[in-house]
Amino acid sequence: MHTDPAGIRRHAVEVAGRRFGDGLLVIAGPCAVESEEQILLAARQVKEAGADLLRGGAYKPRTRPGDFQGLGEAALRHLRTAREATGLPVVTEIMDPRHLEAVCACADVLQIGSRNMQNYTLLRELGRIDRPVILKRGMSATLAEWLHAADYILEGGNGRVILCERGIRTFETATRNTLDLSVVPALRQVSPLPVIVDPSHSTGRAALVPPMCLAAVAAGADGLLVEVHPRPAEAACDRDQQLDPARFAALMPAVRALAAHLRGAPAEGRP
Ligand code: PEP
Ligand code: MN
């Protein structure tokens, strides 16, 4: 726990021995779990590159009902296998309260996706459990609406909420969404919760992910959520935005060096 320049006491969220809000944590892995082989390989690759947690979707919120919806329970089993093989804690999305028990059996952190930020029934369910939650910003949510959504979880008694900026809808079409990095320092002024940034879904383009990772760190993010796939061109979803393992491995030293540099900066210059 430390105090930022606005005087808000920051609240660190503990996840399997790691602390969001106390140094930079990097979550990496594919958009979706596609097979045991794919998630095991991805887990080994991101661990080797220095990631702190593994991500992978078992239940995917897709725009079109005919698109790949995730492998569901089989994916949860594969995530457990990958966690056992690498020791990386697992982050996965929950969309339906009926999946709570199964998802909690394999995930260290539950993710609420952008489309469900205002699913108050689901948020209330997560308020009742003792498991950290990453609450992504709704694609059209204001900062205030996002924090009210977080209150549904917090007021239920679960204080372990991590906010994730993942881009918002604007008139711009050159990127998938518009990454609102100013929300990171803006949240610092009003909320004690850790804030992480997802440069993958916000830009939708792999080439833009590395610079936006660095920008997010410079803005003061407590963590990054980055999609990394062993073979992005073959991915079942979000092909254009997933980094290949070599690109991710090349990015990580710069991310760590910048975070270390900023930690050593004088307090008034610190994000
Ligand atoms: C995801 O992280 O897999 C995802 C679907 O992201 P978002 O909810 O931000 O679109
Ligand atoms: Mn994705």
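The model is predicted. Helix H1 packs against helix H2, with axes that come within 9 Å, and also against helix H9, with axes 9 Å apart. Helix H5 packs against helix H6, with axes 11 Å apart. A search of the whole structure finds 1 cavity of 30 Å³ or more. The second largest pocket holds about 270 Å³ of space.

**H1 against H2**

- H1 spans residues 36-49 and H2 spans residues 73-86.
- Their axes cross at roughly 35°.
- The crossing of H1 past H2 is right-handed.
- H1 contributes Glu-36, Ile-39, Leu-40, Ala-43, Arg-44 and Lys-47 to the contact.
- H2 answers with His-78, Leu-79, Thr-81, Ala-82, Ala-85 and Thr-86.
- Sorted by class, this contact of H1 with H2 has 6 nonpolar, 3 polar and 3 charged residues.

**H1 against H9**

- H9 covers residues 245-263, and its axis makes an angle of about 20° with that of H1.
- H1 is therefore roughly parallel to H9, since angles under 35 degrees count as such.
- H1 and H9 cross in a right-handed sense.
- On the H1 side, the contact uses Gln-45, Val-46 and Ala-49.
- On the H9 side, the contact uses Pro-245, Phe-248, Ala-249 and Met-252.
- The contact of H1 with H9 has 6 nonpolar residues, 1 polar residue and no charged ones.

**H5 against H6**

- H5 runs over residues 143-154 and H6 over residues 183-190.
- The two helices pack at an angle of about 55°.
- That angle makes H5 oblique to H6.
- The crossing of H5 and H6 is right-handed.
- Leu-143, Trp-146 and Leu-147 of H5 meet Val-183, Ala-186, Leu-187 and Val-190 of H6.
- This contact of H5 with H6 has 7 nonpolar residues, with no polar and no charged ones.

**The largest cavity**

- The largest cavity holds about 40 Å³ of space.
- Its lining consists of Arg-55, Gly-56, Gly-57, Lys-60, Val-91, Thr-92, Glu-93 and Gln-111.
- Strand S5, residues 90-93, gives the largest share of this lining, with 3 residues.
- By class, the lining of the largest cavity divides into 1 nonpolar, 4 polar and 3 charged residues.

**The second largest pocket**

- The second largest pocket is lined by 18 residues.
- Lying nearest the centre of this pocket are Pro-61, Arg-115, Arg-176, His-201 and Asp-238.
- The lining of the second largest pocket has 11 charged, 5 polar and 2 nonpolar residues.

Note on methods: Residues numbered from 1 in each chain as written. Chains lettered and ligands numbered in written order. Predicted model: local features only at pLDDT ≥ 70, side-chain atom pairs only at ≥ 80, totals over all residues. Heavy atoms only, no water. Axes fitted to C-alpha atoms, helices over the stretch in contact; angles between N-to-C directions. Helix = DSSP H or I, 4+ residues; strand = E, 2+ residues; numbered from the N terminus. Left-handed = near helix turned anticlockwise from the far one by under 90°. Contact = heavy atoms within 4.5 Å. Nonpolar A, V, L, I, M, F, W, Y, C, P; charged D, E, K, R; others polar. 1 Å grid on protein atoms, 1.4 Å probe; cavity = no way out; pocket = protein on both sides within 12 Å on 5 of 7 lines; lining within 4 Å. Points joined across faces, edges and corners; volume = space filled by probe spheres on them. Parallel < 35°, antiparallel > 145°, perpendicular 65-115°, else oblique.
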